[in-house]
Every structure is written in structure tokens, then in C-alpha cells.
Amino acid sequence: MKIAILGGSFDPPHLGHILIARQVIEQAGMDQVWLMPNYSTTSHHEVFQKKLSPVEDRLAMARLLEDEKIKTSDFEIEYNKESLTINTLESLTARNAENTFYWITGSDKLETFHLWDDWKKIVSNYHLIIFPREHMLWHLEERVKEGLQLQTIPENVIVLQNKNLILSNVSSTAIRERVRQNLPIDFLVLPTVEEYIKKNKLYK
């Protein structure tokens, strides 16, 4: 199968994650998208380090987004607690040679992509899917070439820039802040996720 990985903290998962996953399946011809919560960011460059909610909660909430083609993977939680993308891609490929894996990254991450561990190896050896953020749709290919230091975009890098893509700037950070302020989040997350947050008193 062709499987796209959407990594992140999922703290909490929200409708923006669903928009990305479903449109990657449609536009890039993926068989599945795996939501892959990271275990930790302590091994990452300091730019990416942040305090996370308990991994059990983040994994449980991510599983609430599953459907027939969107699945949740605990691969980094179980096998790559440093949650370094290069290690995840190497391990997944070695363990699942029958599948082809693609790593989804938002275009807003391009400016800091050079801070990822072994980022050049990721670009040269693995498949990437670049999903645009709302303010970066125009001239996206040029931004990709600049961010990944490429002269041309190779076949292993898919840049999604269909004008019919539905883009969103919903963020987990904003949702956590709304919860702290006792503001509604029902239009940003699934009802089951909202219920989980309330039941477990997250972000208070």
C-alpha cells in the first residue's frame, strides 16, 4: 500500500488534521493515512521542543479520528521514543518493505526543515508530501525548492497545490488556549474529542 504518515503531537487532534488526511488520500492517491503521535520532543532541535500532554491521552484522542482509511499508529511511541523522523522512516521501511511510506509536512514547516535531523537524507531517500498552509498556496513550488534546497522538485516530493484544496489554520495551540479560557471548541474538534478533553480535564 501507499501510506502517508501525518506525525505530530495531536495535543489535541482537530478538524484540520482530518482535512489534511482526507485530501492527501484524494489528491495524492494514498491508500491510507496514519496519524502518528510523537512520544517526546526532547531530542529535537530546541526550536521544536515543547511540553506535551501525557502520551496516553494524545494517542487515545488521535484514535477517535479513525475511519476506513485514516488510522492511528503508535509506532513512534513504541519504537522511536526520540520521535526523530529519519529514524521512523528508516524503521518503518525496514519493517514493512511491502508498503511505500510518505511523510506529510505542512508548507509552514519548510523554513525550519533544515533543522530536522538528517534532513538531506530524508529529502533524497524518502517520499515527502508538502501540504500548503493557507498563506502559502501561491508560488508553493518555489518555496519548496528554497526550503529543501533543491534546483528542481524530484519525483519523490509531492507538492499539493490544487486550487480546490480546503485549507485551514486551526491549531492545537489555539484550541488548548480556548479550553483554558472556557471558550467553545465544538467547531474545531470532533464531539468525541471534546468529550474526552472535558472528561479528563485536559488543558485546564
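## A short tour of a predicted model

V170 lies in the loop that runs between β6 (157–159) and α7 (172–180). Keep in mind as you look around that this is a predicted model. From this loop, the briefing moves on to a strand residue, a helix, some aromatic rings and a pocket.

- Leaving aside residues up to four places away in sequence, V170 is in contact with H14, R133, I175 and L188.
- V170 and V189 are 19 residues apart along the chain, and 9.7 Å separates their C-alpha atoms.

**T105 in strand β4**
- Strand β4 covers residues 100–106, and T105 is part of it.
- Is T105 buried or exposed? The relative accessible area of T105 is 4%, and buried means under 20%, so T105 counts as buried.
- When residues up to four places away in sequence are not counted, T105 touches W116, I129, I130 and F131.

**Helix α2 and what covers it**
- Helix α2 spans residues 55–63, and its buried residues are V55, D57, R58, L59, M61 and A62.
- An α-helix makes a turn every 3.6 residues, so residues three or four places apart point the same way.
- Which elements cover the buried residues of α2? Among them are the strands β1 (2–8), β2 (32–37) and β3 (70–72), along with the helices α3 (75–79) and α8 (191–199).

**Aromatic rings**
- Searching the whole structure turns up four aromatic pairs.
- For F113 and W119, the ring centres are 6.4 Å apart and the planes stand at 90°, so this pair is edge-to-face.
- F113 and W119 are both buried.
- Together with W116, these two residues, F113 and W119, make up one aromatic cluster.
- W116 is also one of the residues that T105 touches.
- Over at Y79, the charged end of R95 sits above the ring, 4.2 Å from the ring centre.

**The second largest pocket**
- The volume of the second largest pocket is about 170 Å³.
- Its lining is made up of V179, N182, L183, P184, I185, E194, I197, K198, K201, L202 and K204.
- Which element gives the largest share of that lining? Helix α8 does, with three residues.

Definitions and conventions: Residues numbered from 1 in each chain as written. Predicted model: local features only at pLDDT ≥ 70, side-chain atom pairs only at ≥ 80, totals over all residues. Heavy atoms only, no water. Buried < 20%, exposed > 50% of the residue type's maximum accessible area, 1.4 Å probe, protein only. Helix = DSSP H or I, 4+ residues; strand = E, 2+ residues; numbered from the N terminus. Contact = heavy atoms within 4.5 Å. 1 Å grid on protein atoms, 1.4 Å probe; cavity = no way out; pocket = protein on both sides within 12 Å on 5 of 7 lines; lining within 4 Å. Points joined across faces, edges and corners; volume = space filled by probe spheres on them. Phe/Tyr/Trp six-rings, centres within 6.5 Å; stacked < 30°, edge-to-face > 60°. Lys NZ or Arg CZ within 6 Å of the ring centre and 35° of its normal.
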